Structures are given as C-alpha cells and as structure tokens.
Amino acid sequence: MISYNNIYNLPEYYDVAFSYDIKHEINIYRKIFNIHVPFEVKKILEPASGTGRFLTSFPKYGISITGYDISNPEVDFANAKIKELKLEGMAESIVGNMESIKFERIYDAAINSINSIGYILKDEDVLLHFINTSESIKRGGVYIIHLDFCPEKYPVVDSVNEWHCERDGISVNITWGLSHVDIKNKLSHQYCLLKVNDNGKHFEIKENHTLRLWFYEDLKEFIKKSHNLRIESVYNEKFEEIDRKGEITGEMGNLYFVLKVL
Ligand SMILES: C[S@@+](CC[C@H](N)C(=O)[O-])C[C@H]1O[C@@H](n2cnc3c(N)ncnc32)[C@H](O)[C@@H]1O
C-alpha cells in the first residue's frame, strides 16, 4: 500500500476519478451563456482547469477555451490530451494561480467548476481573483461559479460522497468527506481517499484539503467591493432559478452563481 500526498500532482488518477460524464454541467453552462450573455460566447476562460475535462469538451460546441491551473503535472496532462484530440487552436492549458493571474479583456465568459474557487482562502485573494477575472471578460459577459460545498446552515460533519470510476485498466473508488467545519475562520476541512487499482497494482491515496467555507453574504460583499460585477442569477443542478431574496444555504445542493461583468 502506497500513500501519496497530492491527487492534483497525480493527474493520471485524478482524471480517472473525475471521468464521470460532465454533459449535464456543460449544458447548464451553455444555457446560462444563451440566457445571460447578449453576444455569442465563443471564447472562455477556466480558472483551476485541472486535467482539462472542460478544456476538451467545450471545443465540441465551437467554444474555444483557455484553462489555467496551479499544478504543473495537471497542466502538462491537459495539454497532452488536447494534443491527442487535435484540439490545439481551440483549447490550451497554462500554469497560473487564481490568487494573482491576470489576462487581457478578451474572453466572453469564464467558468469555475466543482468548488475550485474554494481553494482561495483569504478575503484579499478572493477579492483580487474577482477583480482580475472580471477584467479578463468583455462587458456583458459572465463569470459562472459552481459551488458544491456551499455551506449548509447546519453543516453536517461526517457527510461523505462516494463514487467509482474506471478507464483503461485503472479503477478508482473515491471517498470525499467533510471532517471539520471551522465557522469562525470560514474554513472547511475535508478529506479525500482514493483506492486505486492500476492494472492489478493496488494502493491508496489519502490527503486532507482545506477549502474556504462560503457564505452567500460573503459572496455579495466581494461582488460589491469588486465594483464591476453583479450577481445576476443563481441556479440549482436542475437548472431552476433560486429566489435570491430568500436564504441561500448548502441544503440547496450544488449551485451555479452567475456573475455579470458590468
Ligand atoms: C477539484 S479540482 C477541479 C479541476 C477542474 N476544474 C475539473 O473540473 O476537473 C480543483 C483544481 O484546483 C486547482 N487549484 C487549487 N488551488 C489553485 C490556485 N490557487 N490556482 C489555480 N488552481 C488551483 C487544483 O490544482 C485542481 O486542479
């Protein structure tokens, strides 16, 4: 049994573990573009793009995409997949940190999937990320944030997600759980356990992840301070619009926050 320490530096296993069908997510993003962006969305940005699940999917719909990620191995892995699928020219991955990277205002929209924004912990870094990202997007475009560990009003410690994926002789059982919620410091301490069978070689990868514990009130505050964003809509996984006048809590499940660039 081997224990590694960072799944994001082991892209060959991450990519299998998260190889479930993302057609539903892609459809939600595309519906949001159609409803909320007054021009055709042809070019998007994906902060924290990982092994490139979205980088290799959006080009099928005629949308070109630039992703960036802090993990060099994931960026290399994504670029190899892009090359293999002959998608160069429509997709690319570069190394970058959500806390500081800046682009020109050339994108029509940006997406941030499965709570990757949660890896930015400090308020000042979150605010800078919103300012930099909104300045990379044309006016009228949107930044869509998918928060799937949205804080529950009464967070359930020991809540666990388990799933299984396999491909090319590699099978992975994943357990992703919440171990401790630190409301005072707005931190969510989570753990991830991957049981891997790589063509007969069995081992486990265990690690802890600390993510920001998001509250809707904080999101509103960051958006106000960023000056050039507005919360336009919030959708749930069934693509039902959430009433933003009511309370928004984690009990509503995974939510898509649509931020409009002013
Ligand atoms: C849950 S994965 C999601 C990856 C990808 N968006 C997807 O849907 O498969 C979170 C990603 O965030 C990246 N990440 C964490 N902190 C980051 C940072 N400060 N800047 C850029 N990427 C970061 C990790 O390397 C990892 O690839």
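I am working with a predicted model, in which local features need pLDDT of at least 70 and side-chain atom pairs count only at pLDDT 80 or more, while totals for chains, interfaces and linings use all residues. I count residues from 1 along each chain as its sequence is written.

S6 and strand S7 (residues 170-182) pair in the antiparallel sense over 8 bridges. I take two strands as paired if DSSP finds at least two bridges between them. Helices (H or I, at least four residues) and strands (E, at least two) are DSSP runs, numbered from the N terminus. I then traced an open sheet of 4 strands, ordered S6-S7-S8-S9, with antiparallel pairing. Strand S6 (160-167) and strand S9 (201-212) are at its edges with a single partner strand each, so one side of each has no neighbour in the sheet. Neighbouring strands here are turned by 15° against each other on average, direction ignored. For such angles, axes are lines fitted to C-alpha atoms, for helices over the stretch in contact, and the angles run from 0 to 180 degrees between N-to-C directions.

**Seven-stranded sheet**

I found another open sheet, with 7 strands in the order S3-S2-S1-S4-S5-S11-S10 and mixed pairing. Its edges are S3 and strand S10 (229-236); each has a single partner strand, so one side of each is left without a neighbour in the sheet. The twist from one strand to the next averages 20°.

I looked at two of its pairings. Strand S2 (residues 64-69) and strand S3 (residues 91-95) run parallel and are joined by 5 bridges; Gly67 has Ser93 in S3 as its bridge partner. From S2 the chain crosses through helix H3 (residues 72-84) to S3 in a right-handed β-α-β crossover (with the strands pointing away from the viewer, the path from the first strand over the helix to the second runs clockwise). Strand S5 (residues 137-147) runs antiparallel to strand S11 (residues 255-261), with 6 bridges between them, and I noted Tyr143 opposite Leu259 in S11.

**Ligand shell**

I listed 17 residues around the ligand, of which Ala48, Gly50, Ile70, Met98 and Tyr119 come nearest. A residue is near if its C-beta atom, placed from the backbone, lies within 6 Å. By class I recorded 7 nonpolar, 6 polar and 4 charged residues in the shell, with Ala, Val, Leu, Ile, Met, Phe, Trp, Tyr, Cys and Pro as nonpolar, Asp, Glu, Lys and Arg as charged, and the others, Gly among them, as polar.
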